[in-house]
Amino acid sequence: MLFDRICERARWCNKEVLHPTIELAVEIAREGREGRRIGTLFTVGDADNVLAHSRPLILDPLACHPDEVKRITDPNLRGTVKELAQLDGAFVISDEGIVVSACRYLDATASDVDIPLGLGSRHFAAASISKVTQAIAIVVSESAMVRVFDAGSLIAEIMPELWLLSRYNVQLRGPFTEEHVSDLAVLVKEP
């Protein structure tokens with residue numbers, strides 16, 4: 001599958017959870033919402049630890065709903081996530097693919113994260129939470145890029161439209177592999 005290299009590069013990976021989460025991030029990057037680009041952040045895995053290193057920004061819109069309607073693969077939830085992505089805060093997704101919380105402020109601050117210059121606070125939050133927990137963090141940038149962080153470092157960049165390749169500088173440092181499928185480019189840092 002397309003995102004297998006990202007799973008190979010990460011410390012751990014549940015493909016049944018990570019793949020649909022990345023696909024959703026790419027959809028958000030491509031579509032935006034109501035005609036404008038939006039950014040958001042997903043954490044995948046180690047949900048209890050991520051919750052311990054975060055706090056709600058608003059009353060959690062997913063609270064008190066049963067787990068069976070909060071699966072990342074559920075088409076109805078995916079539409080809800082796209083709407084909620086317009087709000088500030090991160091989505092926390094469990095190892096089992098349950099979106100346990102939305103609109104979270106990530107309190108984790110790691111001083112030894114490795115993020116390229118020019119990336120903003122959402123990227124810093126993603127790198128930090130992936131450093132202090134076992135979670136993988138996926139950032140949708142308002143520039144329509146999707147970036148994946150693990151262990152405090154940027155491990156992959158996804159360009160939802162190939163024309164972005166000519167407009168943006170790749171932020172990955174060191175050697176990386178590049179795959180193209182249709183109009184999607186996936187760049188994964190070599191270990």
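Two strands pair if DSSP finds at least two bridges between them. The legends below describe close-up views of a predicted model.

**View A. Pairing of strand 3 and strand 4.** Strand 3 and strand 4 run antiparallel to each other and are joined over three bridges. Ala-90 has Arg-104 of strand 4 as its bridge partner. Five residues lie between the two strands of this hairpin, in which Gly-97 adopts a positive phi near 90°.

**View B. Pairing of strand 2 and strand 4.** Strand 2, residues 54–56, also pairs with strand 4 in the antiparallel sense, over three bridges. Here Pro-56 has Arg-104 of strand 4 as its bridge partner.

**View C. Burial of strand 4.** Strand 4 spans residues 99–106, and six of its eight residues are buried, so the strand is largely enclosed by the rest of the structure.

**View D. The aromatic pair Phe-42 and Phe-91.** One aromatic pair is found in a search of the whole structure. The ring centres of Phe-42 and Phe-91 are 5.2 Å apart and the ring planes meet at 20°, so the pair counts as stacked. The pair links distant parts of the chain, with Phe-42 in strand 1 (residues 40–44) and Phe-91 in strand 3 (residues 90–93), 49 residues apart.

View E. Phe-42 has a relative accessible area of 0% and is buried. Phe-91 is buried as well, with a relative accessible area of 2%. Both values fall under the 20% cut-off for a buried residue.

Note on methods. Residues numbered from 1 in each chain as written. Predicted model: local features only at pLDDT ≥ 70, side-chain atom pairs only at ≥ 80, totals over all residues. Heavy atoms only, no water. Phe/Tyr/Trp six-rings, centres within 6.5 Å; stacked < 30°, edge-to-face > 60°. Helix = DSSP H or I, 4+ residues; strand = E, 2+ residues; numbered from the N terminus. Buried < 20%, exposed > 50% of the residue type's maximum accessible area, 1.4 Å probe, protein only.
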